[in-house]
Amino acid sequence: MKYKTIKLKRGKEESLKRFHPWVFSGAIDKMDEGIEEGEIVRVVTNSGDFIAVGHYQIGSIAVRVLSFRDVSIDDEFWESRLASALNMRLSIGIADNPENNTYRLVHGEGDNLPGLIVDCYGRTAVMQAHSVGIHVCRKTIADSLLKVMEGRIEHIYYKSETTLPFKAELGQENGFIIGGSKDNTALENGLRFHVDWLKGQKTGFFVDQRDNRSLLEHYAKNKSVLNMFCYTGGFSFYAMRGGARLVHSVDSSAKAIELTNANVELNFPNDPRHEAFCEDAFKFLDAADNLYDLIILDPPAFAKHRAALRNALKGYTRLNVKAFQRIRKGGILFTFSCSQVVTKENFRNAVFTAAAQSGRKVSILHQLHQPADHPINIYHPEGEYLKGLVLYVE
């Protein structure tokens, strides 16, 4: 197939030669007439040499690279890339695991499929587009996904209402594009939970915290646990299985508290150790002096773009100060940032500042990150978004 061409300014191909998968709008010299948003384009150097093929989109990231080879983006391409993603999950033991049917199958640039996210929950895959090009190709991708998965999934739910640029006026709607299922129960490390892929955040569950929840389970025995920003209660029911003395789950969303209670009930019916509170995090912490010896801080992204970075770091510092001030002596704090624009150094400095302001003695036990089914493309360091610290507070 013949694709329209985008020509780069002289010298602007250097990042692509290092296999970085984005072309920024400022690097473009000329474009063929009539290129539409979401269209597949060939990218060439200023002298006309091919360098990449990808999806065009209006905005600062103008092209998301699908291949550095001059290939057709057809059924065979999608099937090959999706098969590669599945094979990686099989090789690390996260797919086809009888104790775990919840995992990320495609992680955008990390799987050389920029703009595409696919999470598997039992027999249902939730597909999410973060670029107009992926949205345009969604049905082809869904058909290829069903073929590659060879019976592992039966249903594909498309959930991109909030992830695509609203100015593109695509009229996208969330819904099943293959099959349809009302069974929203999935399994993670032997624990069951409900997935809200209809209205929930991300694809319905925070799959990226699986390994960190497992780590928390090992620290929970006989502890009084506070799970802030609990969302669907993942850390809470891991803490309960780990033998926590009591677990309090807090979120400002009534829907999140409803889901948390439902998930705890799935695993620990009528267990008096758990209680959930629909309340503002900062207000709750203000009243929680010396009640907890294990606290989890897993807030939503405080910064979604660089302009918000400074205020975000102040927010992380303020939140962690409160936790340091309230946690019992000898307590353990799990603290996270999922903001892509917040680097590990940014986050660690914010937590360092919070520790200093609180006057507590603090030691780092673990430095945490996203799990292996959320791989980071070595040529795309921006893909490292989740960072966390496990801290011992004297």
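Mentor: A residue is called buried when its relative accessible area is under 20%, exposed when over 50%, and partly exposed in between (1.4 Å probe, protein chains only). This is a predicted model, in which local features need pLDDT of at least 70 and side-chain atom pairs count only at pLDDT 80 or more, while totals for chains, interfaces and linings use all residues. Residues are numbered from 1 along each chain as its sequence is written, and side-chain values use heavy atoms, with hydrogens and water left out.

Trainee: Is Arg 89 buried or exposed?

Mentor: The relative accessibility of Arg 89 is 0%. A value under 20% meets the cut-off, so Arg 89 counts as buried.

Trainee: With which residue does Arg 89 form a salt bridge?

Mentor: A salt bridge places a side-chain nitrogen of Lys or Arg within 4 Å of a carboxyl oxygen of Asp or Glu. For Arg 89, the closest N and O atoms of the pair are 2.7 Å apart, and the partner is Asp 111.

Trainee: How many residues apart in sequence are Asp 96 and Arg 152?

Mentor: These two residues form a salt bridge, with the closest N and O atoms 2.9 Å apart. Asp 96 and Arg 152 lie in two loops, so the pair ties together parts whose separation in sequence is 56 residues.

Notes. Helices (H or I, at least four residues) and strands (E, at least two) are DSSP runs, numbered from the N terminus.
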